[in-house]
Amino acid sequence: MFREVVRQRNGAVGLTIAAIVLAAAVLAPLVAPYDPYEIDMEQSLHPPCLSHPLGTDVFGRDMLSRLILGARISLEVSVFSRLISLVIGTLLGLAAGYLGGRIDSLVMRLADVTLAYPGLLLLVAVMAAVGPSVASLIVALGIVGWAAVARIVRAQVLSIKDREYLTAVRSLGGSPGRIIARHILPNCVSQLVVVFSVGLGMGIMAESSMSFLGLGAQPPLPSWGSMISSGLDYLRVAPWMSLAPGLGITMAVLGFNLLGDACRDALDPRLRHLWR
Amino acid sequence: MLTYAAKRVLLFVPVLLGVATVTFFLVYVLPGDPVLSMVGERYDEATIAELRHEMRLDRPIHVQYAHFLAGLVRLDFGRSYVTGEPVASSLLKRFPYTLRLAVLAMIISIVVGVSAGVAAAWKWRTAVDFLAMGTTIVGISMPVFWLGVLLIYVFSMKLGLLPPSGYGGGAVRYMILPAVTLAQASTAYVARMTRSSMLDVIGETYIRVARAKGIPEWRVLFGHALRNALLPVITVVGADFGSFLTGAVLTESIFAWPGLGRFTLDAILKRDIPTIQGAVFFMAVVFMTINLIVDLAYAWADPRIKVSGEKTLPSEG
């Protein structure tokens, strides 16, 4: 699979960008040239120069260091929330598809309700209810994202559950648990990988949007979204404060989108319609 | 077709009830006491009790829930805790602003997106195609609020061409930046969808026949190919229009546009419960209705859907 992804030019570019973002996130304290929280009012609003390649913010904190640490927050939120969505969505999707009947219609109506809220609206409302913090953003984003996963898993289960080899397993006395774990779930893996990788970019976007609105990571945490919003007041005198973090988000999301596309093309070309 | 339509409309009802329920309880658990935040300095037990009674906050939760549902049926969302105005009329007052922006954004998205998509498909695997696809993938990856900031910086701060924010009494100058910002992601999707749909169609035999008959290339492209390629594009456009009408929270906050999105965000920040409930419910209904119309229109246009009974084109993102 790795080879398949890298063979596509876009996949190779995506993988490179994603690897850089991942490295920044993991190694943040090691590679950051300055302490991202260190306040130095003498360096306040310093334009980009050799010692501060992306300039400094109003408290004189080094923008590059904050940007690097921001990658960690973005990835944390994105990866963990996608994992939560994946677990909830897979369980409910399996239950709906395999058990059918009332459980199926209940789960699918719940999915309809979740998807009936446009865009960020449900997320904004949930975050207002539970109060803004990184942890609650992860949970909220994870819960809000279950429905799309459940639909895909359910469709996959429905398409294979009545195949002959599964009837054979059943007639040989295979329990439902065994059938799901040994036969149905492995058939969903490639789709789940695609959903996960395509969703990482969307997760980063959602995190930065919520933090921009003040409903995600709180200052002084250097989230890309909140860095942009705190730079707004200084847009005329210090545009780098808002422009640099936006570039970070765009690059990261671009990388994960390209990578997700390549994973999808490599694993399951039938999913093309998911992300054009 | 009628059975399919009836089924879809019937499904609308339980989902609506679900949305109402989730909206009610979600807002119910909001931290902070709305009465205390209302009285503020004038702290007085009697006033608080009176207000609490007036706002029905002293009743058990199921009574409040029943009252909320009964209100919804009469399109009565209660009165705002902050302004005291009926929520329904404030929503209707804000809606036209959002609608104006949404329509302009939609026009931009269709015109620019379809032209870019057709050009990319026509010049498939040339510089034009690569440029268009490269731009669109960046467009999809760029956060909408950052594009807004970038546009404000370039067009109003550096070049001084357009006003940075506000409604400006409805002058078109004030609409351009927010509409472009709002249209950004949708334009990119429309372009990509148009391109791939055009490429599918161009491979069909009837296109080869049309070319073989000596019909000019532009007529083959626009008369034959584009007409058939637009069908899947319409679903994208429809879904996007639904989110323009409702999900413009980010765009409207950056440009201080007096529409529904900013109105809702303000209500959330002020913990104005009836307004949040009303606005969230209203937006969900608008979004669902547009999606329903798009699905029905699509089923009407593409007979294959009626047979399987379910759309096979989930639009993610």
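Reply: Here's a walk around helix α10 of chain B and the helices it packs against. Keep in mind that this is a predicted model.

Let's start with helix α8 (residues 172–202) of chain B. Together with helix α10 (residues 217–246) of chain B, it packs at an angle of about 160°, and the axes are 8 Å apart. Angles over 145 degrees count as roughly antiparallel, so that's what we call α8(B) and α10(B). Their crossing is right-handed.

Who does the touching? On the α8(B) side you'll find, among others, Leu182(B), Tyr189(B), Met193(B) and Ile202(B). Facing them from α10(B) are residues including Leu226(B), Pro232(B), Val236(B) and Phe244(B). Sort the residues of this contact by class and you get 15 nonpolar, four polar and one charged.

Now slide over to helix α9 (residues 205–212) of chain B. This one packs with α10(B) at about 150°, with the axes 11 Å apart. By that angle, α9(B) and α10(B) are roughly antiparallel to each other too, and α9(B) passes α10(B) in a right-handed crossing. Here Tyr206(B), Ile207(B), Ala210(B) and Arg211(B) of α9(B) meet Val220(B), His224(B) and Ala225(B) of α10(B). That contact has five nonpolar, one polar and one charged residues.

How values were computed:
Residues numbered from 1 in each chain as written. Chains lettered and ligands numbered in written order. Predicted model: local features only at pLDDT ≥ 70, side-chain atom pairs only at ≥ 80, totals over all residues. Axes fitted to C-alpha atoms, helices over the stretch in contact; angles between N-to-C directions. Helix = DSSP H or I, 4+ residues; strand = E, 2+ residues; numbered from the N terminus. Parallel < 35°, antiparallel > 145°, perpendicular 65-115°, else oblique. Left-handed = near helix turned anticlockwise from the far one by under 90°. Contact = placed C-beta atoms within 7 Å. Nonpolar A, V, L, I, M, F, W, Y, C, P; charged D, E, K, R; others polar.
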